[in-house]
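Please keep the sequence and the 3D view open as you read.

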Amino acid sequence: MKVLIIEDDREIIEAISLALQMRWPEANVVSTRLGAKGVELVESEYPDIVILDLGLPDVNGFEVLHQIRLFSDVPTIILTVRSDEADVVKGLEWGADDYIIKPFRQMELLARVRSLIRRQTPAEEELLVYGPLRLNVMTGQLNYNDKEVALTITEKRILSHMMKNAGHVVTHSSLAEAVWGDDYPGATDSLKVHIRRLREKIETDPSQPQLILTRTGIGYFLAKPE
Ligand code: CA
């Protein structure tokens, strides 16, 4: 496994490298403090995953993400001190697969990295169907009332867990397990952001969701679509 870290804080690079190497001794970590160099390294090093800081000395992290997405689908986690939800949503819109807010817990970082590099185990059912919702669990392509929506890996895991449990409330904890393989402090807040993004993609009016309903303090409920 090769991990590319684009980050200008030496201590954070060291902390991430250490965490990764404890969990995956064979992991190969490449890093740079410059965004432009990071884009080059994606091209020349073929990393399995990229961890990208937003505040870089040369180029803004969003711009780095944009440039990477012009030629690569490499799973990318944004690492940021900005806990503003708008920034996080922007990152996901620009093609990030997930995000981590600094300061982060080692367990959280590892759960997210593991979730993105986890090999797609061939699913028993490749196509999940619920009412008019059709989700291809291999590609993350969702078809819904003539709409075609591309989901990120995280969104796909959230929605497929909800579709498999349609008609029941899925708890925050069971969703975190399904998505990251672990429930950890902060998972509920992360789920909230991904759910919001999912609603923006599939609900007619995301502020009045008709499909993905909130059960306050418990989790979410997938309503039978019209
Ligand atoms: Ca920085």
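Tyrosine 130 has leucine 133 in β7 as its bridge partner. This is a predicted model, in which local features need pLDDT of at least 70 and side-chain atom pairs count only at pLDDT 80 or more, while totals for chains, interfaces and linings use all residues. Residues are numbered from 1 along each chain as its sequence is written, and side-chain values use heavy atoms, with hydrogens and water left out.

**The sheet**

- β6 and strand β7 (residues 133-136) run antiparallel and are joined by four bridges; helices (H or I, at least four residues) and strands (E, at least two) are DSSP runs, numbered from the N terminus.
- The open sheet holds four strands in the order β6-β7-β8-β9, with antiparallel pairing (two strands pair if DSSP finds at least two bridges between them).
- At the edges are β6 (127-130) and β9 (147-150), each of which pairs on one side only.
- On average, neighbouring strands of this sheet are turned by 15 degrees against each other, direction ignored.

**Helices on the sheet**

- Helix α6 (residues 153-164) lies across β6, β7, β8 (141-144) and β9, and runs at about 130 degrees to β7; axes are lines fitted to C-alpha atoms, for helices over the stretch in contact (heavy atoms within 4.5 Å), and angles run from 0 to 180 degrees between N-to-C directions.
- Helix α8 (residues 187-202) also packs on the sheet, where it touches β8 and β9, and its direction makes about 155 degrees with that of β9.

**The calcium ion**

- Asp8 (OD), Asp53 (OD) and Gly55 (O) are the protein donors of the calcium ion, at 2.1 to 2.4 Å from it; donors are N, O and S atoms within 2.8 Å of the metal (3.2 Å for Na, K and Ca), and water is not among the atoms, so sites may look incomplete.
- The donor spacing in sequence reads D-x44-D-x1-G.
- Distant parts of the chain are linked here: aspartate 8 sits in the loop between β1 (2-6) and α1 (10-23), and aspartate 53 in strand β3 (residues 49-53), 45 residues apart.

**The cavity**

- There is one cavity of 30 Å³ or more, a cavity being a set of points on a 1 Å grid over the protein atoms alone where a 1.4 Å probe fits but cannot get out.
- The largest cavity has about 50 Å³ of space, a volume being the space filled by probe spheres set on the grid points, which are joined across faces, edges and corners.
- Its lining (residues with an atom within 4 Å of a point) includes Leu54, Arg82, Asp87 and Tyr99.
- α4 gives the largest share of that lining, four residues.

How values were computed: On a 1 Å grid over the protein atoms alone, a cavity is a set of points where a 1.4 Å probe fits but cannot get out, and a pocket is an open set with protein on both sides within 12 Å along at least five of seven lines; lining residues have an atom within 4 Å of a point.
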